[in-house]
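Please look over the model shown here before reading on. The points below are meant to be read with the structure open beside them.

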Amino acid sequence: MMTKADRYLVNDIQNILENGYMDENPRPKYEDGTPAHTISVNHVMRKYDLSKGEFPVCTLRPQAWKTGIREIFTIYQHPTNVLSEMRAQGVTWWDPWDIGDGTIGQRYGATVRRYDLIHNLIDDIKKDPYGRRKVVSLWQETDLRETPGLAPCAFLTMWNVRGEYLDMSMIQRSGDMLTASGAGGINEIQYAALLMMVACATGKDPGVFTHFVANEQIYDRHMDNAQELLRRAKTLSKSEEDTAANRGKAPLSEAGQSQHPVLILNREKGCSFEDITIADFEMKDYSPVKPQLTFELGI
């Protein structure tokens, strides 16, 4: 059964293929030194209501959701910029961004730690739930100028209490759609999990998660994979239509689609943010299409 994220992803791939523009003089390069060009669109937004089971996970290929959540631990829970400490938590994909001293520079977890961003957020939600200044920014000019390193991609979250629910929006300046930033990809999985963690720590239920990407792109060497994802989606849609026909029903509309799979955080409300572990998370009813796809990264 295609998820809401799967449907978003299909629409977003088609949008880039039909309306995207090619960049010029790209900064990233492939491992062989070739410039890593992209086709992009600007201003992509996706919205999920976690309270209604709309967890953002793509099923058109397997997602390394546990590693994605572990990366969130290295940024917000036990914040670090040290690659060996990231590897100790099971996160290895930052190795190509070593600035030469075994770190990724004064970025991500180092910024969260320096300004105590996550504890300030949790305290603010508890003390002034309806205040409208709950902004966590990883884009700190002092930090960016202090060392080299990749500027934060997912860099801003804004938090709002709505009765028993905690809502969060995440702003991303740039996104590699098929490897990380796209619908139901690692970035959405991990930030939805972060929303669940902060909600738990503040005695709230996770509510609406909205993801805005200022520039979302597909790399030129990922085009074959983009077409493969569209083929997989077409196969799944055909299977849904056939199942519905066999049952004598019309195909499910988006409004009536199943909301599975879902991520569960097995903790009581009011839990300690620092004590949450990957073992507390459970992904239910997740059966992604295989085999996995491989993507050559632009570094």
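This is a predicted model: local features need pLDDT of at least 70, side-chain atom pairs count only at pLDDT 80 or more; totals for chains, interfaces and linings use all residues.

1. Helix H1 spans residues 4-19 and has 16 residues, reaching 22 Å from its first C-alpha to its last, which is close to the 22 Å expected at 1.5 Å a residue. Its buried residues are Lys4, Ala5, Asp6, Arg7, Tyr8, Leu9, Val10, Asp12, Ile13 and Ile16. Helix H8, residues 186-201, also has 16 residues and a reach of 22 Å, again close to the 22 Å expected. In H8, 16 of the 16 residues are buried, so this helix is largely enclosed by the rest of the structure. Just after H8, Gly203 takes a positive phi of about 75 degrees.

2. Which cysteines are paired in the disulfide? The structure holds one disulfide, formed by Cys200 and Cys271, with their sulfur atoms 2.1 Å apart. Because Cys200 lies in helix H8 and Cys271 in the loop between E8 and E9, the pair ties together parts that are 71 residues apart in sequence. Both partners are buried, Cys200 with a relative accessible area of 5% and Cys271 with one of 12%. As for Cys58, its sulfur is 20 Å from the closest cysteine sulfur, that of Cys153, which is too far for a bond. Cys58 is itself buried, at a relative accessible area of 2%.

3. The count of salt bridges comes to 17. One of them joins Asp143 to Arg114, with the closest N and O atoms 3.1 Å apart. Asp143 belongs to helix H6 (residues 141-146) and Arg114 to helix H4 (residues 109-115), so this pair ties together parts that are 29 residues apart in sequence. Asp143 is buried, with a relative accessible area of 0%, whereas Arg114 counts as partly exposed at 39%.

4. Two further salt bridges likewise deserve a look. Arg162 and Asp167 form a salt bridge in which the closest N and O atoms are 2.7 Å apart; Arg162 is partly exposed, with a relative accessible area of 38%, while Asp167 is buried at 13%. The side chains of Arg267 and Asp280 also meet in a salt bridge, at 3.1 Å from N to O. Arg267 and Asp280 both lie in the loop between strand E8 (262-265) and strand E9 (281-284), so the pair ties together parts that are 13 residues apart in sequence. Here Arg267 is partly exposed at 32%, and Asp280 counts as buried at 13% relative accessibility. Elsewhere, salt bridges that share partners join Asp12, Arg46, Glu188 and Glu216 into one network.

5. How many cavities of 30 Å³ or more are there? The count comes to three, and about 70 Å³ of space lies in the largest cavity. The largest cavity is lined by 14 residues, of which Arg61, Gln63, Met177, Leu178 and Gly185 lie nearest its centre. Helix H7 (residues 177-181) gives the most to this lining, with four residues.

Definitions and conventions
Residues are numbered from 1 along each chain as its sequence is written. Side-chain values use heavy atoms; hydrogens and water are left out. A salt bridge is a side-chain nitrogen of Lys or Arg within 4 Å of a carboxyl oxygen of Asp or Glu. Helices (H or I, at least four residues) and strands (E, at least two) are DSSP runs, numbered from the N terminus. Buried means under 20% relative accessible area, exposed over 50%, partly exposed in between (1.4 Å probe, protein chains only). The expected span of a helix is 1.5 Å times one less than its number of residues. On a 1 Å grid over the protein atoms alone, a cavity is a set of points where a 1.4 Å probe fits but cannot get out, and a pocket is an open set with protein on both sides within 12 Å along at least five of seven lines; lining residues have an atom within 4 Å of a point. Grid points are joined across faces, edges and corners, and a volume is the space filled by probe spheres set on the points. A disulfide is a pair of cysteine sulfur atoms within 2.5 Å.
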